[in-house]
Amino acid sequence: MDALRRTADQAAALGRPKAEADALRADAAKVAEAVNDRLRRPDGLYTDGLKADGSQSAHASQIANAYAIAFGIAPETSVDTIAGHLVSLKLQMGPMTANWLLTALHRAGRDDQVLARFTDRTSLGWANIPARGGTFTWESWEAPDDGQSLSHGWGATALVDLQQDLLGLNVTGTAATTLRIRPPRDTELTHAEGTVWTQAGTVGVRWNTTAHGTEVKVDIPVNTTAEVEVPLAGGRALKARGAGPDGASAPRFEGVRNGRAIYTVGSGHSTFTPAA
């Protein structure tokens, strides 16, 4: 289903006839409908498949339910229930697919659990590998015991979720001409800083929680526009400043949405500081 949607997006970007993209999206919708009709239980969770007689499997795995959210199959009314099930299982997906669990948790508004999965040293996962003496992502979470590779790059796909969900930087336009910077809320994380390479150049993001709210600093490359969403705390206003290469790139306030102040900024360095 995701392949059909992505191919439709590519067709549109390449200027193919609209009917081609519409047909692909229609096929994707049919797949989603079939999954919901056949694999979704009355309680909103997803089973792993169908038996030979057409009845549902009794097992609702983490991977089946993470995919349902990550790929936009699950109805919004079921997302909270599914997310609760995912959280209860901690991490039961291998390094090859576990990034989709992070995507699902983020889309369900559970960035606290994205952070938990990255930092839990005692359960299976990324933090457990260095805790056990590893220096690279393993092919399985228990590779030293089952003889699999101790150096497998596929598991590093979680770095994308780290950048997008916890640093808060997402590319939204072709060739990174537009970006969205949205620091997370409701996690134990108090600050994050990083530089991300994009087609338009390097983007720098730094945010930290102060006594008055969230302070955000961004560095945007030339020919790029970013939407910066700053969490508001206690109704406090923000002081926004910015200067591009020509000194004229001041942030433009767009309004408030879902408890965040929305700004549009151009290239250069911009800062957003909560008022004392």
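I started with A175, which sits in the loop between β1 (169-171) and β2 (178-181); helices (H or I, at least four residues) and strands (E, at least two) are DSSP runs numbered from the N terminus. This is a predicted model, where local features need pLDDT of at least 70 and side-chain atom pairs count only at pLDDT 80 or more, while totals for chains, interfaces and linings use all residues. Residues are numbered from 1 along each chain as its sequence is written, and side-chain values use heavy atoms, with hydrogens and water left out.

**The β1-β2 loop**

I looked up phi for A175 and got a positive value near 60°, in a residue other than glycine. Most residues other than glycine have a negative phi. A176 is in the loop between β1 and β2 too, and has a positive phi of about 60° although it is not a glycine.

A175 has 39% relative accessibility, so A175 counts as partly exposed. A176 comes out at 1%, so A176 is buried.

**V218**

Next I went to V218, which lies in strand β5 (residues 213-220). V218 has 0% relative accessibility and therefore counts as buried. I then listed its contacts (heavy atoms within 4.5 Å). Leaving aside neighbours within four places in sequence, V218 touches I181, G204, G268, H269, S270 and F272. I also checked V218 against W207, eleven residues away along the chain, and their C-alpha atoms are 8.6 Å apart.

W126 got its own search. Leaving aside neighbours within four places in sequence, W126 is in contact with L91, A98, N99, L102, R117, F118, W141, G155 and A158.

How many residues of α5 are buried? I got seven of ten, so I wrote this helix down as mostly covered. The buried ones are A98, N99, L101, L102, T103, A104 and L105, and they pack against α3, α4, α6 and α9. After α5 comes G109, with a positive phi near 75°.

In α3, I noted Q62, N65, A66, A68, I69 and A70 as buried. The buried residues of α3 pack against α4 and α5. G72 follows α3, and its phi is positive, near 70°.

**Aromatic rings**

I searched the whole structure and found six aromatic pairs. Rings of Phe, Tyr and Trp (its six-membered ring) pair if their centres lie within 6.5 Å; planes under 30 degrees apart are stacked, over 60 edge-to-face, and the rest tilted. Y67 and F71 have ring centres 5.2 Å apart and planes at 75°, so I logged them as edge-to-face. Y67 has 26% relative accessibility and counts as partly exposed, whereas F71 is buried at 15%. F118 and W126 make a tilted pair, 5.5 Å centre to centre with 40° between the planes. F118 and W126 are both buried. I also found that Y67, F71 and W100 make up one aromatic cluster.

**Whole chain**

I finished with totals. The protein chain has nine helices and ten strands. Its C-alpha atoms fill a box of roughly 70 × 55 × 35 Å along the principal axes. Of its 276 residues, 43% count as buried. Among contacts between residues at least 6 apart in sequence, 52% join residues at least 24 apart.

Note on methods:
Buried means under 20% relative accessible area, exposed over 50%, partly exposed in between (1.4 Å probe, protein chains only).
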